[in-house]
Each structure stands twice: as C-alpha cells, then as structure tokens.
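Please brief me on the structure shown below, taking its local contacts, its sheet and its core in turn, and giving the cut-offs behind each term.

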Amino acid sequence: MMLASWERNFKVWHYTFSWSRLLLRSGRRNEDETRVEVLFSNVIYLQIPMVLSRLEISETPLSEIDLPEGVSEEPGRPCKVFHLNQGAGTVIATHCEWREDNEFLDGPTSFSPMRGVPGNEVD
C-alpha cells in the first residue's frame, strides 16, 4: 500500500539507537516550499541509502515477508515493513509519520525533542 511520495532530495538526518527512531529530512529549495520530515519509530531493521533523490514510501504487513537474519519482533510492538523507492531501502518499524513545516533544513524538528538534533536538545 502506497503511503506517501515526494519528488525532492531527502537525507538520513538522525538515528537514535536508544529510542530506535530514524528521521529523514528534505529541506526547502526556495521560500515557497516546505521542509518535509519523515519519522520512523521503534525501528528494528533498516537498510537505506544516506541520500535519496526522491522518496516514495509503501507499507507491507510484516506477516508477508521473512524477517532478515538476526532480526526479531518485540512482543507487544507490532511492526510493519516500509519500502522506500520501490525496494531501494527498507525500514521495519512500528510507525511512520511525516510533517511539513516552514523551518529551514537545520532548524529544530517538529517531532518531540530528539538528542543530537539542533534546537531539540534534551537534558
């Protein structure tokens, strides 16, 4: 099932091991555009390029694939498989959500505070 797509560059902006959160970000190319952030939560597996020239996200139920070797699902946290750009990347996580705002590329994230993301430092 197709979830979202954008014809613009995205980068792996931040990954937090302790919270298992992956943040992808696409900056504004001009004053009329928005910044797009995509957050994957409770990531148990990821295999993606660091830079994507476009981003298309589709979702597959975990029951329809074989888990990669060494990967196991946590009880009580049902995961989904998110395919990026028709299989060029894969993220297995519980959630995928995105937001658009008018911040610049290096501005604070619109998601809850994340260690290591400028403007979102957590004590």
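**Briefing on the predicted model**

The side chain of aspartate 101 makes a polar contact with the side chain of arginine 35 at 2.7 Å, where a polar contact is a pair of N or O atoms within 3.5 Å; within protein, one atom must be able to donate a hydrogen and the other to accept it, and residues adjacent in sequence count only if both atoms are side-chain atoms. The model is predicted, so local features need pLDDT of at least 70 and side-chain atom pairs count only at pLDDT 80 or more, while totals for chains, interfaces and linings use all residues. Residues are numbered from 1 along each chain as its sequence is written, and side-chain values use heavy atoms, with hydrogens and water left out.

**Aspartate 101**

- Aspartate 101 is found in strand 10; strands (E, at least two residues) and helices (H or I, at least four) are DSSP runs numbered from the N terminus.
- Aspartate 101 is buried, with a relative accessible area of 15%, given that buried means under 20% relative accessible area, exposed over 50% and partly exposed in between, with a 1.4 Å probe and protein chains only.
- The aspartate 101 side chain also reaches the backbone nitrogen of glutamate 103, at 3.1 Å.
- Not counting residues up to four places away in sequence, aspartate 101 touches Thr34, Arg35, Glu37 and Ser110, contact being heavy atoms within 4.5 Å.

**Asparagine 9**

- Asparagine 9 is found in the loop between strand 1 and strand 2 and is exposed, with a relative accessible area of 52%.
- Although 44 residues separate asparagine 9 from serine 53 in sequence, the two are 4.3 Å apart in space, C-alpha to C-alpha.
- Residues up to four places away in sequence aside, asparagine 9 touches Arg25, Ser26, Leu52 and Ser53.

**Aromatic pairs**

- A search of the whole structure finds four aromatic pairs, counted when the ring centres of Phe, Tyr or Trp (its six-membered ring) lie within 6.5 Å, with planes under 30 degrees apart called stacked, over 60 edge-to-face and the rest tilted.
- One of these pairs, between tryptophan 6 and tryptophan 98, is edge-to-face, with 5.8 Å centre to centre and 80° between the planes.
- This pair links distant parts of the chain, since tryptophan 6 lies in strand 1 (residues 2-6) and tryptophan 98 in strand 10 (residues 95-101), 92 residues apart.
- Tryptophan 6 is buried, at 11% relative accessible area, whereas tryptophan 98 is partly exposed, at 33%.
- Ring pairs link Trp6, Phe10 and Trp98 into a cluster.

- Five strands form an open sheet in the order 1-7-8-9-5, with antiparallel pairing; two strands pair if DSSP finds at least two bridges between them.
- Strand 1 and strand 5 (45-47) stand at the edges, and because each has a single partner strand, one side of each is left without a neighbour in the sheet.
- Strand 8 and strand 9 pair in the antiparallel sense over five bridges, and leucine 84 stands opposite glycine 89 in strand 9.

**Nonpolar core**

- The largest nonpolar core has 19 residues, and those with the most contacts inside it are Leu24, Val38, Phe40, Leu55, Ile57 and Val91; such a core is a set of buried Ala, Val, Leu, Ile, Met, Phe, Trp, Tyr and Cys residues joined through side-chain atoms within 4.5 Å.
- Strand 4 gives the most to this core, with three residues.
- Leaving aside neighbours within four places in sequence, valine 91 is in contact with residues including Leu22, Phe40, Val81 and Leu84.
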